[in-house]
Amino acid sequence: PLSDFGYLAPVVLRRQGWLAASAAQALADFDHPGLDRTLQWDVRHASDVVAAFGPSIPDADGRADIDGAMARAQRMIDVLAPGLRVAVCHDDVTDVNVVATLNAAGQPWPDALIDFGDLLRTWLAADVAVAGVSLIGHDPDDALSVIANVLRGYHSVLPLTEDEIAALWPLVVARAASNVASSEHQARLEPDDEYVQGSVEDDWLIWRA
């Protein structure tokens with residue numbers, strides 16, 4: 001999995017975006033009643049997730065930061081939402097769900113996807129945000145560049161509109177906020193689970209970037 005690697009070069013980040021868009025392109029003609037569902041991991045519902053699970057965040061300042069940023073992001077998303085296209089997306093092209101092999105330059109090269117459990121109909125722009133957020137942890141000192149490179153890769157396959165590009169950063173904030181709230185909630189339920197506790201640390205690292 002791509003999560004086994006540390007720093008990821010810009011070309012690898014662009015490949016991640018390319019992979020996410022290629023999956024959406026391949027799924028364009030797929031249809032199933034189960035695609036239209038309410039899912040915790042759908043960024044369209046991030047504000048509700050933060051409202052529901054935010055109380056699990058033990059640090060009051062951290063919770064206030066999450067709540068405030070989520071509210072600001074949601075206001076921007078609400079303005080742009082009418083212009084955001086909906087399509088069938090994998091919606092979980094994260095570093096743990098991307099299989100990578102080493103290319104000729106010795107870089108991890110994303111070439112396959114696993115875990116289609118979050119497959120649904122959602123915003124294409126949200127698909128880009130999900131693909132990018134998990135990679136911020138590989139270069140937390142330059143989060144904006146990480147997202148920009150994932151966007152470039154996605155855009156090379158499925159060009160986004162101006163509204164979708166404008167919505168991308170608010171959606172990144174929304175995804176990162178809902179991840180923190182969700183992982184803190186799960187950590188409260190499973191305090192002895194090392195994987196869950198590690199997820200909390202990872203999600204806060206991404207948020208603070």
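Visitor: What makes Asp-31 count as exposed?

Guide: This is a predicted model, and in it Asp-31 has a relative accessible area of 56%. Exposed means over 50%, so Asp-31 is exposed.

Visitor: And what makes the contact between Asp-31 and Arg-121 a salt bridge?

Guide: Their side chains meet at 2.9 Å, N to O. The cut-off is a side-chain nitrogen of Lys or Arg within 4 Å of a carboxyl oxygen of Asp or Glu, so the pair qualifies.

Visitor: Why say that this pair links distant parts of the chain?

Guide: Look at where the partners sit: Arg-121 is in strand 4 (residues 120-123), while Asp-31 is in the loop between helix 1 and helix 2, 90 residues apart. Asp-31, Asp-36 and Arg-121 are also joined into one network by salt bridges that share partners. By the same cut-off, the count comes to six salt bridges.

Visitor: How do you know whether Arg-85 and Glu-164 are buried, exposed or partly exposed?

Guide: Arg-85 has a relative accessible area of 36%. Buried is under 20% and exposed is over 50%, so Arg-85 falls in between and is partly exposed. Glu-164 is at 1%, so it counts as buried. Their side chains meet in a salt bridge at 2.7 Å, N to O. Arg-85 lies in the loop between helix 3 and strand 1 and Glu-164 in helix 6, so this pair ties together parts 79 residues apart in sequence.

Visitor: What makes Asp-92 and Arg-175 a salt bridge?

Guide: Here the N to O value is 3.9 Å, and the limit is within 4 Å, so the pair is in. Both residues are buried. Asp-92 is in the loop between strand 1 and strand 2, Arg-175 is in helix 6, and they are 83 residues apart.

Technical notes. Residues are numbered from 1 along each chain as its sequence is written. This is a predicted model: local features need pLDDT of at least 70, side-chain atom pairs count only at pLDDT 80 or more; totals for chains, interfaces and linings use all residues. Side-chain values use heavy atoms; hydrogens and water are left out. Helices (H or I, at least four residues) and strands (E, at least two) are DSSP runs, numbered from the N terminus. Buried means under 20% relative accessible area, exposed over 50%, partly exposed in between (1.4 Å probe, protein chains only).
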